[in-house]
Amino acid sequence: MKPSSEQAIATTSIDIDSYPNEEKHQPNVPLLLQPSYARSKSITSDELQNLRMSLKWCALDHSSSVGKFISYVLFIFLTVAIPLLTSLFVRVPASASQDNNPFSFNKLVQLPESALSIIGFFTLSRFFRRYGLRQLLFLDVLQDDSMYVRRGYSRELQKAFRYLACIILPSFFVELAHKILLFLRVKISVPHITPDFPLNSVVFALVLISWVYRTGVFLFVCVLFKLTCELQILRFEGLHKLFEECGSDSSVIFREHVRIRRQLWVTSHRYRFFIISCLLTITVSQLSSLLLVLESKSDKTFFNSGDLVICSAVQLSGFFLCLIGAARITHRAQGIVSIAARWHMLVTNASGDESEQWKASGSDSDSSDIYISVTPQLPSSFQTRQALVTYLQHNYGGITLFGFLLDRGLLHTLFAFEFSLVLWILSMVAV
């Protein structure tokens with residue numbers, strides 16, 4: 001049976017005992033920077049330890065049958081049951097003003113939050129069933145990368161939770177304040193529950209846990225995609241350095257670019273369902289929110305529409321995290337063409353018997369100065385370099401969605417489409 005494209009890029013784990021000249025474990029040195037790490041099997045004390053612990057605490061550990069069962073039970077309870085029970089049994093007292101009813105937008109908030117959580121959960125479930133964290137984050141092929149890339153990726157893994165914290169923590173405190181204000185005014189009536197039971201406190205805690213869980217599952221997939229994007233960006237930066245280090249050896253640059261492009265293709269296929277599903281869900285959610293808010297005649301306060309603001313902020317923050325990471329990769333991939341063209345020109349113009357050093361300065365903020373030491377080359381080298389530049393012009397790659405390159409042009413198109421829908425809704429409400 002012919003191996004798949006994704007299996008082709010994964011490196012088979014080899015016992016590190018076959019490398020007697022390398023230490024099996026070097027204390028005080030990050031494992032990603034140790035020569036034996038990429039050839040060893042996954043261990044519990046590597047840079048993925050924090051991610052694995054987070055998965056266990058969030059009941060997303062699918063490494064065992066028991067863990068998978070607990071994960072699915074809690075997923076159904078926190079994503080489906082709690083929002084449904086809240087909508088059914090939590091009511092505003094009849095004496096309160098109906099114009100200030102916080103549940104007028106409740107379903108509008110609960111549906112997209114649960115939908116994004118469902119998309120994220122089944123995306124993670126598919127990832128863990130088919131790949132695992134190491135293969136998902138391309139740690140199995142890091143032995144083919146330079147120390148610069150491995151060191152940078154080690155830093156990105158350590159910073160992974162900062163993206164989550166920067167989005168969840170501010171949103172959580174706002175959500176906490178809104179829920180405290182909400183449960184001080186609402187009335188909860190559940191059959192067969194005695195009045196002495198602290199029902200408000202229990203439901204208050206469950207609602208907060210449900211919100212954290214649903215938000216965390218969605219954002220966790222966004223962070224995994226962000227990590228993958230950062231690795232490919234580091235690899236493109238390493239490819240830039242190859243033009244300086246390899247001189248005129250086009251074959252080394254070609255092989256490295258083919259490897260990066262194959263991994264970009266794999267990443268695009270892994271995450272395209274998640275990105276497109278989130279785009280559709282967030283678009284429908286935001287436009288529905290805009291339509292209902294503009295049509296509503298009641299005053300908008302933090303009490304009756306605070307959930308809507310928090311939901312929108314989390315959705316857009318997580319999705320922009322994905323879009324910006326993908327657009328940066330595509331921008332770096334497109335920039336490699338200009339780097340290669342300057343490199344080809346400098347090597348071709350080198351003349352004389354002595355070696356010369358040339359400097360190529362980037363035209364934008366993403367490109368760094370490139371110093372190239374060149375010597376006179378044979379005519380065949382010119383043809384090889386020209387073929388490499390032509391190849392890069394037609395195969396610079398990037399993150400794609402069913403063939404559509406996710407670059408700045410596509411982002412501008414999406415913005416124009418969304419803005420047109422907003423103007424259409426505004427015209428409907430105005431008329």
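Student: What makes V66, F69, I70, V73, L74 and F77 a nonpolar patch on the surface of this predicted model?

Tutor: Nonpolar side chains such as Val, Leu, Ile and Phe are joined into a patch within 5 Å, provided that each residue has over 30% relative accessible area and no salt bridge. V66, F69, I70, V73, L74 and F77 form such a patch, with about 560 Å² of accessible area together.

Student: Why is V66 called exposed?

Tutor: The term exposed requires over 50% relative accessible area. V66 has 59% relative accessibility, and therefore counts as exposed. This residue lies in helix α3, residues 65–89.

Student: Which residues of helix α2 are buried, and how do you know that they line one face?

Tutor: In α2, residues 49–57, the buried residues are L51, S54 and L55. Viewed down the axis of α2, they fall within an arc of 100°, so they line one face of the helix. K56 and W57, which are exposed, are carried on the face turned away from the buried side. Just after α2, A59 takes a positive phi of about 55°.

Student: How do you know that the length of helix α6 agrees with what a helix should span?

Tutor: Helix α6 has 12 residues, 147–158, and at 1.5 Å a residue it should span 16 Å. Its end C-alpha atoms are 17 Å apart, which agrees.

Student: Which residues of α6 are buried, and what covers them?

Tutor: The buried residues of α6 are V149, R150, G152, Y153, S154, E156 and L157. Their cover includes α7 (160–183) and α8 (199–245).

Key:
Residues numbered from 1 in each chain as written. Predicted model: local features only at pLDDT ≥ 70, side-chain atom pairs only at ≥ 80, totals over all residues. Heavy atoms only, no water. Helix = DSSP H or I, 4+ residues; strand = E, 2+ residues; numbered from the N terminus. Expected span 1.5 Å × (residues − 1). Buried < 20%, exposed > 50% of the residue type's maximum accessible area, 1.4 Å probe, protein only. Contact = heavy atoms within 4.5 Å. Arc of directions from axis to C-beta. Patch = residues over 30% accessible without salt bridge, like charges linked within 9 Å, V, L, I, M, F, W, Y side chains within 5 Å. Areas by Shrake-Rupley, 256 points an atom, 1.4 Å probe, with all protein chains shown as cover. Salt bridge = Lys/Arg side-chain N within 4 Å of Asp/Glu carboxyl O.
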